[in-house]
Amino acid sequence: MLTDQAGKGVHHDTPGPGHSAQNPLRTGGNLLQLVSPEGERISHPEFDVWVKDVGDEQLCSLYEDMTVIRRIDAEATALQRQGELALWPPLLGQEASQIGSSRSLRDDEFVFPSYRESGVAYVRGAHLSEIARVWRGNASYGWDPQRINLATPQIIIGSQSLHATGYAMGVQLDGANTAVLAYFGDGATSEGDVNEAMVFAASYQAPVVFFCQNNHWAISEPVRVQSHVQLADRPTGFGIPSMRVDGNDVLAVMAATRVALDRARKGGGPTFIEAVTYRMGPHTTADDPTRYRDPIELEDWAAKDPILRLRKLLEAKGLLTEDVEARVTAKADAVAAELRSNCIEMPDPQPLDVFNHVYSTPNSWIERQKDHYSRYLNSFNQPVEKGAL
Amino acid sequence: MSKLTFARAINAGLRKSLENDPKVVLMGEDIGALGGVFRVTDGLQKDFGKHRVIDSPLAESGIIGTAVGLAYRGYRPVCEIQFDGFIYPAFDQIVSQVAKMHYRTQGRVRMPITIRVPFGGGIGSPEHHSESPEAYFTHTSGLRVVAVSNPQDAYTMIQQAIASDDPVLYFEPKRRYHDKGDVDETIDLSTALPLDKAAVVSAGSDVTLVAYGPLVKTAKDAAMAAADDGISVEVIDLRSLAPIDYPVVEASVRKTGRLVITHEAGQSGGLGAEIAASITERCFHYLESAPVRITGFDVPYPYSKLEMHHLPDLDRILDGVDRALGRPNSLSGLEG
Ligand SMILES: Cc1ncc(C[n+]2csc(CCOP(=O)(O)OP(=O)(O)O)c2C)c(N)n1
């Protein structure tokens, strides 16, 4: 049932130390961290329980996923440079945010991404050719959204936050105990759609998690052009609790996402997560960050590399054996090779495909145009009459 | 006279307007340090400061809505919408507010706002980056809509648009940004062709071919190719899409008796329909054949591997010219 219960989100726990009354989840404005940049495990009284099941094997598999998507990213960037892809939006540096969050979801939970969530698509089970074909220009959509519960990538900034909220309202109407998750960037928080999504989500206490990857840049604009408060402070005004988490710490991202998803599933309403991370590459392969970004800033963030951090933790725990390293590298190489061959061997679409799927039922305008265009194309194949030239 | 690319020509026009009128301010996403994703505003923030060349938050309704307030306050905002497909979040502000303010206030409040929109396809972009939304705006009373086709016009018309007391949507053909052309930077705006006038860009006597924006070049190329076949095509660059300079089109059609209209936007409800109907009303007795439209299809702009099929090209335009002339063409033998 859709209910209008302002303040229902506050029913969670009694505010503990460091919590504000309006925002039961905020850890005193601090960045939630469970692994330090030096790779040391930091224990946290509340959040540790949310990742207590993440044992050695799981840590290694998180490391594998992060390494594989970094390799996908590098390969796709190379494919673009070689003219095989028309464009690619790199996710270099955002691996922990994407893997930590998407691996917290259940398969039956629906996700609404932007264009940068190729790591999420990989985790959800999209085929590599499905990830590549949009960027190659062979299709407008990648995967079947219903097959892997992942909406088609969204280019219009922030729109998907409303779709996620609406989907969550549907989940609520169905009385289902699943959560919905929307990804967007720091720039997106300026759009009306994202703000309206928060209004709806709060009004109806919809089971939606807003996962904002604050990678510090919206193309050339630093996050301060969008906001003068921490992004995690904004939802509070809508009555939505939020968390600010180190987006380069895969364990912290997992813990925070699990908390938010659990709230949503149990009827606790929406949550906003600000994952503080950094876009180490260009905005897309068409962008030149040297025009607007200080190289020192990049160096600072390179030192906080999410994969490096997990590596250090694994090393400290003695988990990074030659076996593990070899397995991960082999997997990454195999995936990259598959992406390359999928991409290069992808058949071109046919000219008349241009008319397909505009409507689900026949449309006389389009049928006529299709017929005319097909006659036009055929006119090039008509045999030249003998003696005509 | 200097040789400038399209993008540089607009840049030079913006610079001139910023220099001449302290009330001109530029606003948009990434227009500052980056100089815009197409570098059209390159260097302007450096030279005029962050208060005149404003990197706006990522919010199109915000960009146009605040421009309305700035106009109330006496400013002349020049807003950049990064790509055609991102104008829709601002649609409400444009059609409900910008377009109607002068009428609602019986002329007491003016909206001298220029909205620059890179439009059209042909650059291999993903979805929402290649739209031709001009008809939505030509359908809205109170807006002027122009589409530029060459660096000289780009330079002149951006300044005329900014100087106009009416709101102007200024469509820039993004696939022509790197085309070079002669630009006379000393041109006198008061004697230059006014913003709402069409231009005959190549004279001819057999068929009138109407184009605007990115397709003017294609239309001129088609006219040259047709000339090889002994067909004389008169090409008209509309320049202004609202209002349309019908007298120029009319005069041409009275001479040629045949009309072909081409645009990238889909056919149904597009500008071609408007022009065909208006010219049929005005020149019915002069027409030797029904007006022909060569346009994009009535489909969402397709993914880049198929865009060359969607976009009118030289051959499709020539096929349309053959249809207008009753020569053998792809639809020969079909009725209607
Ligand atoms: C409505 C809309 N306006 C503008 C754009 C152009 N654009 C694409 S990405 C982008 C920056 C987005 O930044 P952010 O939301 O922080 O996400 P990030 O790209 O950093 O992941 C802009 C301005 C767009 N795609 N949609």
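Where in chain B is the place of Arg239(B)? Arg239(B) sits in the loop between strand 11 and strand 12 of chain B, and it is one of the stops in the close-up views below, all drawn from a predicted model.

View 1. Let's begin with the residue from the opening question. Although Arg239(B) is not a glycine, its phi is positive, at about 60 degrees. The residue has a relative accessible area of 2%. Because buried means under 20% relative accessible area, Arg239(B) belongs with the buried residues.

View 2. Phi of Arg39(B) is near 65 degrees, a positive value in a residue other than glycine. Its relative accessibility is 22%, so Arg39(B) counts as partly exposed.

View 3. Ala242(B) and Pro243(B) are joined by a cis peptide bond, with omega at about 0 degrees. To find Pro243(B), follow the loop between strand 12 (240–242) and helix 9 of chain B.

**View 4. Helix 9 of chain B and its buried face.** Helix 9 covers residues 246–256 of chain B, and its buried residues are Tyr246(B), Val249(B), Glu250(B), Ser252(B), Val253(B) and Thr256(B). Looking down the axis of helix 9 of chain B, you will find these buried residues within an arc of 165 degrees, so they line one face of the helix. What covers the buried residues of helix 9 includes strand 10 (207–211), strand 11 (233–237), strand 13 (259–266) and helix 10 (271–283), all of chain B. Just past the end of helix 9, Gly257(B) has a positive phi of about 75 degrees.

**View 5. Glu234(B), a buried glutamate in strand 11.** Glu234(B) is part of strand 11 of chain B. With a relative accessible area of 4%, Glu234(B) is buried. A polar atom of the Glu234(B) side chain lies 3.0 Å from the backbone nitrogen of Gly204(B). Leaving aside neighbours within four places in sequence, the residues in contact with Glu234(B) include Val200(B), Ser202(B), Ala203(B), Gly204(B), Val207(B), Thr208(B) and Leu209(B). Two further contacts of Glu234(B) are Ser252(B) and Lys255(B), and Ser252(B) is also one of the buried residues of helix 9.

**View 6. The ligand between chains A and B.** The ligand lies between the two chains, A and B. It is surrounded by 20 residues, the closest being Tyr115(A), Arg116(A), Ile155(A), Gly187(A) and Glu60(B). A polar backbone atom of Ile155(A) is 2.8 Å from a nitrogen atom of the ligand. A polar backbone atom of Ala188(A) lies 2.9 Å from an oxygen atom of the ligand. On its own the ligand has 580 Å² of accessible area, and the protein covers 96% of that.

View 7. Cys343(A) has 0% relative accessibility and so counts as buried. In chain B, Cys283(B) also counts as buried, at 0% relative accessibility. Searching the whole structure finds zero disulfides over all chains.

Notes:
Residues are numbered from 1 along each chain as its sequence is written. Chains are lettered from A and ligands numbered from 1 in the order in which they are written. This is a predicted model: local features need pLDDT of at least 70, side-chain atom pairs count only at pLDDT 80 or more; totals for chains, interfaces and linings use all residues. Side-chain values use heavy atoms; hydrogens and water are left out. Buried means under 20% relative accessible area, exposed over 50%, partly exposed in between (1.4 Å probe, protein chains only). Helices (H or I, at least four residues) and strands (E, at least two) are DSSP runs, numbered from the N terminus. The arc is that of the directions from the helix axis to the C-beta atoms. Contact means heavy atoms within 4.5 Å. A disulfide is a pair of cysteine sulfur atoms within 2.5 Å. A residue is near a molecule or strand if one of its heavy atoms lies within 4 Å of it. A polar contact is a pair of N or O atoms within 3.5 Å; within protein, one must be able to donate a hydrogen and the other to accept it, and residues adjacent in sequence count only if both atoms are side-chain atoms. Accessible areas come from the Shrake-Rupley method with a 1.4 Å probe; for residues, only the protein chains shown count as cover.
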